[in-house]
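Work through the exercises below with the coordinates open. Each task is followed by a solution in steps.

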Number of protein chains: 2
Amino acid sequence: MKKNILSCALVFALLTNCTPSKEDNTHAQPDTPLKQEQAADPLSSWNEGATKKAIIDFVEKTTTEGSTDFVEVKNRIATFDNDGNLWSEQPLYFQLIFAMDRIKGMAEGHPEWKNEEPYKSILEGNVEKALAGGTKSILALVMASHAGMTTDEFNQEVNDWLATAKHPKTGKPFNEMIYQPMVELLDYLRANDYKTFIVSGGGVDFMRAWVEEAYGIPPHQVIGSSNKVKYEVSEDGTPTLIKQAELNFIDDKEGKPVGIHQYIGMRPVFASGNSDGDYQMLEYTMAGNGPRFGLLLHHTDSIREFAYDRESHIGQLNKGLDDAEKMGWTVIDMKKDWKKVYHFEK
Amino acid sequence: MKKNILSCALVFALLTNCTPSKEDNTHAQPDTPLKQEQAADPLSSWNEGATKKAIIDFVEKTTTEGSTDFVEVKNRIATFDNDGNLWSEQPLYFQLIFAMDRIKGMAEGHPEWKNEEPYKSILEGNVEKALAGGTKSILALVMASHAGMTTDEFNQEVNDWLATAKHPKTGKPFNEMIYQPMVELLDYLRANDYKTFIVSGGGVDFMRAWVEEAYGIPPHQVIGSSNKVKYEVSEDGTPTLIKQAELNFIDDKEGKPVGIHQYIGMRPVFASGNSDGDYQMLEYTMAGNGPRFGLLLHHTDSIREFAYDRESHIGQLNKGLDDAEKMGWTVIDMKKDWKKVYHFEK
């Protein structure tokens, strides 16, 4: 059965103010009891099994001096996709929800949008129609909602949005929709002197606004898609960087190894993704000499999260599932391997 | 008087095998006695005076908790130009010397170069004529000598070159032509929890081959100009990244704040450069809120290094000298402020 996101009631709800109000607004940091639990088991939100064991075995053998698989600290580079890998991407990439909310907020200054797609449909709350133009519609949307302001202003816009917008299924702020087991994995790798990077198709400026607090990854270790920016100095001598409506880099599929080279300059030892957009990142990583680890998150949990793979329009995982075994990648079965998905679960 | 690099005998010598053989080939690490001296004074190669004092005062006030100028660790970003700022750039950018050496090494496979500029002049040893076409000639040269190979192969080429090529004035390997006071400044900043980045007009792949050993700066903290790279998978499944003869990014002048945004994602607190190509980086840095430090290296030492500024074709410093005081930048007078320039000086 083909799963069509555009007819999904949840998506529709997103743009019609379906924001169930639930308890708190705090950021996605584990609370104190969980932190204590982690001290004993750094991957306490992972169930015991082959996946957890494979991760721990790999980290131990690459960080034990004298091991034939020992990796020098300076080479311990780990890269992670973001959407659907560190946080949820359903029912729609969160950045796209942000973009649509921005369009609605900007509509007053753009009376022409009432008659121009995809804006018209967004303003009318018709997500299905708004996205019917595919990539072209989506790009128009992101460009219009992200360009023409300074980088500082954009950063503020993202933070303002995160402070108020809520996920339609959980009612949580979007930056709490991060996967607790992956936060633990990032911490565990860093505790073992791995440098953790995000390598995502998402917009780099959008991510940098919140990922340091969420994952402990500083801005300069976040690689993503980007528009061009322009340096301008005002008459009073104030310099600013203005976001342009022109693509700079698409950090997806073949773009991921390219981005890794241009921004990190080294081949990762450990790469983690969840969709066919991550295929080349894992392929490139595993082809290096010495020990390498490829990790693929399979979304199998329709109750706690969402279940989707080969036919999904968002985060499609098809070729990756076919080839994982042949390529030596470890596949996370979310339903089976994760004790909890979000930190706020009971 | 206009200083014309193209008539400089030294430049000519470069391409006619003027490689005075001097003692050792070791890398530019301070020897043990110097390291001990540094323990007492982290900037031991700097003479006492206003410049050294300004640097130390700034680092102390931004790292002392409770100080009104205290800067949180996560915001301690320091950016450094490379050519003429961390290592010498005279008599000609070292990367250009590498490119010309590469052209000579590749000539056998390119019989057409005998009749095509700028290759013809390089092969004939006529640097002046080779560079007469200005930027266009230089770009052609860099493209031809840097493209069409894998990123791993290029890395090897740079290392092979560094292992054999010698600077025409000192007879030292080029990666020993690094400024000892700046190596100390990088160490001093890192010891105070600053993250040090290179932000250079030079090629990023060229720099990443050697800067970690020279300056302790890892590849992912090196930002530079770049060509595009392409991801390719061979029939046997081996993925490679191939350097293309197409520009990706020019990290110079207005490009420096742009590169800082795209790669680091934060405004620096401390910026250090030596030419008008660094003007915008310092301007952008100083315009941030809170304490900021702009440092400009003025090449005033014709004996130990080279003396050049307003009229130089390489590393021209003109507007920067005019505006330094107004902009609140600290200017290093190399002759006066540096006790030694290179670690190998007696």
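**Exercise 1: a loop residue**

B:Asp301 lies in the loop between β6 (293-300) and β7 (307-308) of chain B; helices (H or I, at least four residues) and strands (E, at least two) are DSSP runs, numbered from the N terminus. The model is predicted, so local features need pLDDT of at least 70 and side-chain atom pairs count only at pLDDT 80 or more, while totals for chains, interfaces and linings use all residues. Residues are numbered from 1 along each chain as its sequence is written, chains are lettered from A and ligands numbered from 1 in the order in which they are written, and side-chain values use heavy atoms, with hydrogens and water left out.

Task: determine whether B:Asp301 is buried or exposed, and list what it touches.

Step 1. Buried means under 20% relative accessible area, exposed over 50%, partly exposed in between (1.4 Å probe, protein chains only).
Step 2. B:Asp301 has 3% relative accessibility and therefore counts as buried.
Step 3. Leaving out residues up to four places away in sequence, B:Asp301 touches B:Phe306, B:Ala307, B:Met334 and B:Lys335 (contact: heavy atoms within 4.5 Å).

**Exercise 2: the interface**

Task: describe the interface of chain B and chain A by its area and its polar pairs.

Step 1. Contacts join 34 residues of chain B to 34 residues of chain A.
Step 2. The buried area is about 2,900 Å², with 60% from carbon and sulfur atoms; this is the accessible area (1.4 Å probe) that two parts lose on being put together, summed over both.
Step 3. On the chain B side, B:His220, B:Tyr231 and B:Gln262 lose the most area to chain A, together 25% of what that side buries.
Step 4. Two salt bridges are counted between the chains, a salt bridge being a side-chain nitrogen of Lys or Arg within 4 Å of a carboxyl oxygen of Asp or Glu. A:Arg267 and B:Asp152 meet in a salt bridge at 3.8 Å, N to O.

**Exercise 3: symmetry**

Task: find how chain B is related to chain A.

Step 1. Superpose the copies by least squares on the C-alpha atoms of residues with pLDDT of at least 70 in both.
Step 2. In chain B, the C-alpha nearest the axis belongs to B:Tyr263, 3.4 Å from it.
Step 3. The same surface serves both copies, as 100% of the contact residues of chain B recur in chain A.

Conventions. Polar contact = N/O pair within 3.5 Å; in protein donor to acceptor, adjacent residues only side chain to side chain.
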